[in-house]
Amino acid sequence: MSDEPQQPNGEHQPRGWNPGDPSAHGSNGGNGGNSADQSGKAGRATKHRHRRPKRTRWRRAVPTWRMVLGALVVVALLLIGGFIAGYQLVDIPPANASATAQSNVYLYKDGSVIARSGEVNRENVKLAQVPLTVRHAVLAAEDRDFYSERAVDLTAMARAAWNTLTGKGKQGGSTITQQYVKNYYLGQEQTLIRKIKEFFIAVKLDREESKNQIFEGYLNTSYFGRNAYGIQAAAQAYYSKDIGDITTAEGAYLASLLNAPSAYDVIVHPQNKAAALARWNYVLDGMVKEKWLAAGERATMKFPVPGKAKPSTGLSGQRGYIVQAVEDYLTSNEVIDENTLATGGYRITTTLEKKKQNALVKAVEDNVMSRTSTEREADRNVRVGGASIDTGTGRVVAMYGGIDYTKQYVNNATRRDYQVGSTFKPFVFTSAVEGGSTTQDGRRITPNTVYDGTNKRMVQGPNGPTGYAPANEDDINYGPITVRIATDKSVNAVYAQMAEDVGPDKVKQTAIDLGIPKNTPDLTPYPSIALGVATASVLDMTEAYATLANHGRHGAYTLVDKISKGGEDLELPGRNTEQAVSREAADTTTAILQSVVESGSGIAAQGAGRPAAGKTGTAEEDKAAWFAGYTPDLTTVIAVMGQDPDTGAQKPLYGALGLARINGGGTPAQTWAQYTEAALRGSTVENFDLNLESGAEKTAQPTEENSSPGTTGTPSEAPSVTPPSSPGSIPPSSPPPPGSSEPATGGTETGTPTGGGTEIGGAENGGGDNGDQDGYDFRPGARGAPAPQSAPAPQNAPASQSAPAPQSAPAPQTAPASQSAPAPRQ
């Protein structure tokens with residue numbers, strides 16, 4: 001039987017053979033048979049060419065080119081159809097409610113009204129009234145290709161979406177046309193429906209209005225902060241000028257505000273000047289790049305610091321500070337963006353409790369503001385910041401931002417430009433216990449560990465002297481002294497050495513774990529960190545101390561209970577707590593801070609009538625005095641600050657309130673005590689429940705006979721600095737007048753210069769030494785009497801245990817600036 005496939009009629013002819021084909025009949029004569037054979041082979045070849053191989057395994061999952069092409073055609077048709085339908089269905093609506101925006105309502109926890117945001121401040125102007133350089137500045141900041149591009153930049157939108165999805169942060173991909181549509185016709189809600197409407201309205205608007213008309217509308221509807229809508233209102237709010245009088249440099253700053261209105265207001269947030277300056281430079285550089293500004297003219301420009309804000313009288317007293325803090329809380333936690341919040345209509349219930357808020361205001365009034373006098377020049381500089389947190393819940397229950405928001409615009413509770421002084425020292429000890437740290441000679445650090453408290457004692461590292469030798473207050477030599485007593489007396493020599501023993505980087509991390517923001521200015525990993533050169537805010541310090549009070553459990557503070565609009569609630573950040581440091585570390589720190597209140601620099605806090613723990617602190621040159629303390633259920637920090645009301649420069653508090661000096665243990669501690677007593681009045685008295693580390697029990701103060709500090713190590717390889725020999729500034733040396741509620745003490749706790757010192761729109765980020773002139777006359781050398789020299793280290797101690805390093809030790813000149821030791825006060 002033949003192997004050839006058979007035809008339906010049974011003949012053995014190749015499939016595809018055509019009887020009518022001449023070649024099939026041997027038309028080539030004698031070659032007919034061969035032709036037939038060749039034809040048969042061709043037929044078989046044709047059969048094999050047209051048979052498709054079966055798609056097996058993974059190939060079945062791969063679409064064919066026909067499928068891909070078909071899908072693309074379908075998608076294209078859908079997009080075209082959708083665009084046509086959207087263009088036909090979406091009309092340009094009338095102006096949205098932002099043109100007549102509602103007020104936001106801010107409420108206490110109990111629902112009573114704190115404040116209402118003011119009416120919208122807007123004054124429209126014609127595009128021709130805006131200087132050309134200011135227009136160019138806005139274009140350089142927001143959309144340099146505005147006049148040449150289409151209404152919608154699909155590439156930018158796709159890039160922004162990709163950056164957002166890949167975790168590079170929320171990115172803007174909108175043209176000026178789209179932003180104008182969002183501002184004037186729609187709203188700020190981040191929804192897909194709104195974005196779709198924005199797209200079609202922008203396309204239609206671009207066809208129906210000129211670029212100049214759109215740009216004019218954009219300039220008149222954009223939000224610039226300070227409740228200013230539109231470029232004219234912004235010019236008045238920041239520079240008290242009409243827009244026609246705004247310079248190029250000022251216009252570049254106004255343009256910068258469009259990116260982050262309140263955040264770049266260097267009067268409200270002086271610590272953000274670096275970011276605002278970077279944005280300002282970006283705008284000017286963009287103008288040069290686009291040939292809208294000559295490079296030579298740009299090089300001569302200086303940053304135009306804006307004027308003071310003029311808030312609505314409806315935000316007077318504490319109301320404006322609270323509104324500002326709440327808005328910062330909502331925007332920084334990405335609950336809502338600033339432009340959306342500014343459109344109004346939101347009902348915001350805070351965590352503030354009216355009783356406690358009133359108690360804090362009264363305590364400040366009674367202990368500080370009522371004691372100021374128009375006849376004393378120093379009293380012009382007095383500022384007060386306060387914050388109080390419920391220890392267990394992390395809720396901010398009271399806040400004091402200043403005398404009056406309409407008079408002192410910067411919130412003293414949230415600003416980050418004053419050194420915290422010795423209120424930072426407890427973080428050093430907490431870090432020591434948490435890490436099981438030891439002294440240079442291997443002794444575990446506990447409240448009873450003996451250190452050398454000699455004045456200007458050189459801090460010793462693993463390899464010897466570090467080159468850092470801070471002075472004690474009044475240059476007192478304490479000699480051998482326990483950590484507990486060194487905390488009571490705020491001995492710089494002990495805590496600088498302890499920071500080195502623990503490791504400055506570990507101290508920094510512990511502070512962050514407790515609640516100090518990691519981007520806090522001057523939070524640097526050097527031994528000087530122990531003396532409080534960092535400039536955390538009052539609210540930051542309250543959160544960190546609340547962690548200690550809560551046995552080491554940390555959770556970010558909360559300031560808002562609820563925010564809603566039109567009956568719909570917005571999602572607020574959850575409060576997740578975690579064990580930041582061990583309970584033993586936190587509780588042992590609490591134990592030594594109880595001693596500060598019982599017998600140390602914070603004895604005025606006993607006026608609260610509650611078990612309390614706390615620490616005093618004073619910034620360099622007495623520019624700020626702090627008391628940070630807590631009961632088992634309430635944590636509060638009070639700071640009195642000095643600031644020139646005209647220049648914004650930080651000023652010493654010498655002579656303020658009729659006192660030679662203001663110490664952390666005086667006015668701040670007294671204010672803390674009065675507030676705490678009133679805030680907790682009627683509640684059950686709670687006692688501290690502490691789990692202490694081994695060896696933390698109280699012991700007798702060391703003497704030459706029973707103890708001495710350990711070895712100081714060998715010569716250091718670390719950079720060092722020659723200790724200063726010249727005296728620092730000397731405050732008034734006379735004792736306080738009779739009847740003064742605050743005894744004065746002399747001296748300054750010496751820290752490190754932090755650089756800076758540049759005035760920033762109402763605040764001076766100055767560095768320099770940092771001091772703690774705290775407390776009452778509980779130690780030798782109080783003002784009015786010469787400071788006796790304390791007992792030196794035991795004479796029979798081995799040479800390796802001698803504490804102070806020679807003051808004449810040479811030091812390289814390459815030491816980090818933050819380790820330099822400023823001249824102590826004599």
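Visitor: At what angle do α15 and helix α18 (residues 504-514) pack, and how far apart are their axes?

Guide: This is a predicted model. In it, α15 and α18 pack at an angle of about 105°, and their axes lie 9 Å apart.

Visitor: Why is α15 called roughly perpendicular to α18?

Guide: Angles of 65 to 115 degrees count as roughly perpendicular. The angle here is about 105°. That value falls inside the range, so α15 is roughly perpendicular to α18.

Visitor: Which residues meet where α15 and α18 pack?

Guide: From α15 come F427, V428, T430 and S431. From α18 come K506, V507, T510, A511 and L514. A contact here means heavy atoms within 4.5 Å.

Visitor: What makes R416 and D540 a salt bridge?

Guide: The cut-off is a side-chain nitrogen of Lys or Arg within 4 Å of a carboxyl oxygen of Asp or Glu. For R416 and D540, the N to O distance is 2.5 Å. The pair therefore qualifies as a salt bridge.

Visitor: Where in the chain do R416 and D540 lie?

Guide: R416 sits in the loop between β7 (396-400) and α15 (425-434). D540 belongs to helix α19 (residues 538-549).

Visitor: How do you know whether D540 is buried or exposed?

Guide: Buried means under 20% relative accessible area. D540 has 4%, so D540 is buried.

Visitor: What makes R443 and D441 a salt bridge?

Guide: Their closest N and O atoms are 3.1 Å apart. The limit is within 4 Å, so the pair passes. R443 is partly exposed at 26% relative accessibility. D441 is partly exposed too, at 30%.

Visitor: Why does R681 count as exposed?

Guide: Exposed means over 50%. R681 has 52% relative accessibility, so R681 counts as exposed. R681 meets E677 in a salt bridge, at 2.6 Å from N to O. E677 counts as partly exposed, at 28%.

Visitor: Which residues do salt bridges with shared partners join into one network?

Guide: K109, E353 and K356. A search of the whole structure finds 23 salt bridges.

Visitor: What makes up the nonpolar surface patch of about 330 Å²?

Guide: W65, L69 and V73 make the patch. L69 lies in helix α2 (residues 65-89). Patch residues need over 30% relative accessible area. L69 has 47%, so L69 clears that cut-off, while counting as partly exposed.

Visitor: What is the phi of E621, and where is E621 placed?

Guide: Phi of E621 is near 55°, again a positive value in a residue other than glycine. E621 is in the loop between β16 (613-618) and β17 (624-630). With 28% relative accessible area, E621 is partly exposed.

Visitor: How many of the 826 residues count as buried, as a percentage?

Guide: 54% count as buried. The chain has 21 helices and 20 strands.

Methods. Residues numbered from 1 in each chain as written. Predicted model: local features only at pLDDT ≥ 70, side-chain atom pairs only at ≥ 80, totals over all residues. Heavy atoms only, no water. Helix = DSSP H or I, 4+ residues; strand = E, 2+ residues; numbered from the N terminus. Buried < 20%, exposed > 50% of the residue type's maximum accessible area, 1.4 Å probe, protein only. Patch = residues over 30% accessible without salt bridge, like charges linked within 9 Å, V, L, I, M, F, W, Y side chains within 5 Å. Areas by Shrake-Rupley, 256 points an atom, 1.4 Å probe, with all protein chains shown as cover. Axes fitted to C-alpha atoms, helices over the stretch in contact; angles between N-to-C directions. Parallel < 35°, antiparallel > 145°, perpendicular 65-115°, else oblique.
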